[in-house]
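Please keep the sequence and the model in view while reading.

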Amino acid sequence: MTIRFSRRRFLGAGAVLAGASFAASCTKYRPFDAAAQPPYYPPALLGLRGDHDGSQDGAHAVALSGKRFTLPEQASENYDLVVIGAGISGLTAAYLYRKAKPDAKVLVLDNHDDFGGHAKRNEFTVNGKTLITYGGSESLDSPKTTFSQNAHALLKELGVDYTKFHQYYQQDLYRKQWGLQKGIFFRSAAFGKDTVVAGELNEQAAAAMVARFPLPEADRHALTELYVRPKDYWQGKSRKQKQYLADKTSYYSFLRDTVKLPEHAMRYLTNISSEYWGHAINAISVAEAAENGYPGTQKLGLPLEKGEKEPYIYHFPDGNASIARLLVRKLIPAVAAGNSMEDIVTAKFDYAQLDMSEHPVRIRLNSTALMAENRANGVDVAYLSHGSDALTRVRATHCIFAGHSTLAARILPQMPEAQQQAMKSNVKVPMVYAKIALKNARAFQKLGVYSLYAPDAPYCLIQLDDPVNIGTYRHAATPDEPIVLHAARIATAFEGNDARSMYRGGRARLAGQKLEDLEKELREQLRGLYQLAGESFDDAAVAITFNRWSHGYSYEQVGLWDNNDAAAKTVAQMQRRLGNILMAGTDVAWKPYLQDAVEQAYRAVREALS
């Protein structure tokens, strides 16, 4: 049986927005040019973020077109450490290296318009109020039970006390104060009629809720039986046989072939795992479905892991972008004032301070590393600044690679073939986090819901943003106030021989969509939802930011196709040091969690200093 950490939801120039409709700039891609938008402040950029246009050009030239670069003759700068990747792991590595060597000069390179990697911060301003939200990495996942000693040590040094979120996260706001529930949104394109059914589908509520589903009677009956009166569908098989079947059978095949659910019931259930796992139920095993309490598994007699479950509340308004901001403020104190986890949320960051020669640590954005080689006196790294045709070469004593592992396999020419193949094993989940600034949440108040599962829809999760009051930042206190709406699209393809092929297929489709395609897709889905409340989505929405992650979160062991021994060998191969080039990042852990990003940074720095 596969052993894994529980996966959470996937699994950051101040533009002022006001009024009832979008400004033209809200719906068009803005080039990420510091000179064109003084002062440069990427969290407030609109349109396409995440893997934005231009951020992948250099890497794709290498990976897809086979282009090969050569090092310029002379190095323009010298450092003690060059870090490739300004995500949580890369920033942690820079921090730990400087902690061990206070006089060290460090350069951090990143291909995106902002630091933080997938810990992306998005900001909107509506009627003078700043709304802060997350565009990627969402929360600290189970810090009490899964964080290592190193992860806890880093949080302590950054001034983060995760227990304070029991106070800061307004757990009762939506349910008790606003009187809202979770629910399901059936869209007419898939089910013939736009319908919202409020409530959580469990054994107690299933019969009443399913009766309201816009499905044929036979499908409603089958779903009711599955939730309320499940059978031992493998009756007569031994415990050992059941465990084998549970590990090797997809939940989709189990429901279709063993339970024999009809078509519309299958359509309802196919994406219940997508937002949580990053793929549909054809890529999760029956054993994994049972661990998550999915219907039809209740009577199979499968052993379930027991352990302490933590509330999913350890969440800054901008998700883990606040952790990245805390790290950057430690590395470059001039970037922002303050000294606490509370003030980091609204701290004003001066991005002009990130890459200044007088600072011992420099963070260079919009710069894609395309070659790194060991030399007799250290490591030479060459990068391509966005908009430039020529590489820039820098020299360092050490280099820590904390970016996409598949890119490492292509830009580190000294990497052995076995390690290259291991690096290429980390095929990431393609996804889009759309964030919509709303004038208010009245439509959701009328519908009686704050979070919706949307089966067979582009965006499988639609929910009002997590309610966090921290420092001077205040979430909407009533449905009449401006608020952010979160919509998650897991772009993984349904077709494929394994999870990796599903991720690749979905990424190819996502890559073919332009910003206007993404916006049309989202608007069509939300217009139908708002019409049910008697309101207009186009009137309610003030602005949209699309965080497109063509290469989303790290591959994580998938029970149907991976086993523990093979996974451990692959990960060990990925983490091998290459002379003075060390590997960090969640990719080389096969785990997309903050604690794993931190742990890999600790290991890489330890190896660099050994």
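The model is predicted, so local features need pLDDT of at least 70 and side-chain atom pairs count only at pLDDT 80 or more, while totals for chains, interfaces and linings use all residues. Residues are numbered from 1 along each chain as its sequence is written, and side-chain values use heavy atoms, with hydrogens and water left out.

The protein chain contains 23 helices and 17 strands; these are DSSP runs numbered from the N terminus, with helices being H or I of at least four residues and strands being E of at least two. The radius of gyration, taken over C-alpha atoms, is 24 Å, close to the 25 Å that the globule rule gives for 610 residues, so the chain is as compact as a globular protein of that length. The globule rule is 2.2 Å times the number of residues to the power 0.38. Along the principal axes, the C-alpha trace spans about 75 × 60 × 45 Å.

Of the 610 residues, 62% count as buried. Buried denotes under 20% relative accessible area and exposed over 50%, with partly exposed in between, for a 1.4 Å probe and protein chains only. The accessible surface of the chain amounts to about 23,400 Å², and carbon and sulfur atoms contribute 48% of it; areas come from the Shrake-Rupley method with a 1.4 Å probe, and for residues only the protein chains shown count as cover.

Charged side chains come next. The mean positions of the 72 positive and 65 negative charges lie 3 Å apart. Lys and Arg count as positive and Asp and Glu as negative, without His and the chain ends, and each charge is placed at NZ of Lys, CZ of Arg, CG of Asp or CD of Glu. The count of salt bridges is 33, each being a side-chain nitrogen of Lys or Arg within 4 Å of a carboxyl oxygen of Asp or Glu.

One of these salt bridges joins lysine 129 and glutamate 481, with the closest N and O atoms 3.7 Å apart. This pair links distant parts of the chain, 352 residues apart: lysine 129 belongs to strand 5 (residues 129–134), and glutamate 481 to the loop between strand 14 (461–464) and strand 15 (483–490). Lysine 129 is partly exposed at 22% relative accessible area, and glutamate 481 is partly exposed at 24%.

Aspartate 380 and arginine 395 form a salt bridge at 2.7 Å, N to O. Aspartate 380 is in strand 10 (residues 378–385) and arginine 395 in strand 11 (residues 391–401), 15 residues apart. Aspartate 380 is buried at 0% relative accessibility, whereas arginine 395 is partly exposed at 23%. Both take part in a network of salt bridges that links Glu373, Arg375, Asp380, Arg393 and Arg395.

Within helix 23 (residues 594–609), arginine 603 and glutamate 607 are four residues apart, about one turn of the helix. Their side chains meet in a salt bridge of 3.3 Å, N to O, and both residues are buried.

UniProt, in an unreviewed entry, places the feature "coiled-coil region" at residues 508–535; its positions are given in the numbering used here, feature names are shortened, and annotations may be inferred rather than shown by experiment. In the model, residues 508–535 are 79% helix and 0% strand, and the end C-alpha atoms are 35 Å apart.

Two loop residues conclude the account. Aspartate 456, in the loop between strand 13 (449–453) and strand 14, has a positive phi near 50° although it is a residue other than glycine. Aspartate 456 is partly exposed at 28% relative accessibility. Tryptophan 590 has a positive phi of about 55° and is not a glycine. Tryptophan 590 lies in the loop between strand 17 (581–583) and helix 23, and is buried at 5% relative accessibility.
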